[in-house]
Amino acid sequence: MHAADTSPAPAGITPAAAPPEGVPARFGRLIGVSLGPGDPGLITRRGWAALHSGARWAYPVKKAEESSYALDIARRAGLAIPADAVELVFPMTRDAVALAKAWARAAAQTVQLLAEGRDLAFLVEGDASTYSTFRHLARAVRELVPELAVDTIPGVSSFAAAAAVADLALAEEDETMAVIPAAYGVDVIDQLLDEFDTLVLMKVKPLVDEILDLLERRGLTATSCFVEKVGAPEERVVHDLARLRGEKVNYLSLLLVQNPKRARGELRRGCRKRAEQNTTTSATTAPARAGMGA
Ligand SMILES: C[S@@+](CC[C@H](N)C(=O)[O-])C[C@H]1O[C@@H](n2cnc3c(N)ncnc32)[C@H](O)[C@@H]1O
């Protein structure tokens, strides 16, 4: 069963039909369908069309028969979940043996589905190329079937949507930004604050209190913002970071940190014409960053 929408397939997405009798099976395409971080309105037209292309849906879960955040986005978009949609289990564990087993199983399952000749649309939360299971899955499947066609449909990342709801820019003019998993720890974050104007700290859940200590120590709480489940009905945007102390936050949360005090290096070469650069230098080298206070 497919959802009722009959939008035409966009360029690059064509419904795959099962091979006629007697014709050898070909592999379907593996399509990474980025759905954005939670608001169904952020599903791109290409993503939307892929969901309606006749491709079989696959979606990631952490445990068998558990809910899938990616699938929920499609559901909240008003789509009927096809009866033949399949879950692929990717456990959140550091147990290397269990992980390897789960990945081997998911890759084999994917190959088996693609061998039916039908495209497989793998639903991805956020953007499929940003800390996503999809690229890893594509690699694992290509190890088994090197000629496999993979199509990645890009999407809105969690931090782009977070910046929008927090009402701030990730980077302006010549500013620098870095996106890192917070798991590198506060010492690394501390160093990076001197290197980048904006830090996007992903996967902050286990380290919130430690990071708050650091931001307080460096006087950066007023220019930082916590965003949880952006775009979902439970979305939370917290400017007053002290409120988070001791709180258990959701895995789908991140911190945007701006360091307006950072000493910048000199720009060697820019896109602007030299004359224009000279006249605008004083206005643009140190743009005043408004605080992010609520
Ligand atoms: C495995 S990564 C997935 C990233 C995702 N592919 C993207 O494009 O943003 C999971 C981390 O992304 C961030 N994240 C993903 N979705 C989010 C959301 N809806 N709201 C806030 N943070 C989110 C969190 O830091 C979370 O720990």
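**One leucine, then the ligand**

Me: Is L214 buried, exposed or partly exposed, and why?
Reply: L214 counts as partly exposed because 19 other C-beta atoms lie within 10 Å, and buried would take 20 or more. Keep in mind that this is a predicted model.

Me: OK, and which helix is L214 in?
Reply: L214 belongs to helix α7, which covers residues 208-217.

Me: What does L214 touch, leaving aside neighbours within four places in sequence?
Reply: V186, I189 and D190 are in contact with L214. Take V186: it sits 28 residues from L214 in sequence, yet their C-alpha atoms are 7.0 Å apart.

Me: How do α6 and α7 cross?
Reply: Their axes come within 10 Å and cross at roughly 35°, with α6 spanning residues 186-195. The crossing is right-handed.

Me: Which residues make that contact?
Reply: From α6 you get V186, I189 and D190, and from α7 there's E210, I211 and L214. Four of the residues in this contact are nonpolar, two are charged and none are polar.

Me: New topic: where does the ligand lie?
Reply: It lies between domain 1 (30-156) and domain 2 (159-284), because both give residues to the shell around it.

Me: Which residues come nearest to the ligand?
Reply: Out of 23 residues around the ligand, the nearest are P37, G126, T130, S157 and S158.

Technical notes
Residues numbered from 1 in each chain as written. Predicted model: local features only at pLDDT ≥ 70, side-chain atom pairs only at ≥ 80, totals over all residues. Helix = DSSP H or I, 4+ residues; strand = E, 2+ residues; numbered from the N terminus. Buried ≥ 20, exposed ≤ 12 C-beta atoms within 10 Å, placed from the backbone. Contact = placed C-beta atoms within 7 Å. Near = placed C-beta within 6 Å. Domains from an automatic or database assignment. Axes fitted to C-alpha atoms, helices over the stretch in contact; angles between N-to-C directions. Left-handed = near helix turned anticlockwise from the far one by under 90°. Nonpolar A, V, L, I, M, F, W, Y, C, P; charged D, E, K, R; others polar.
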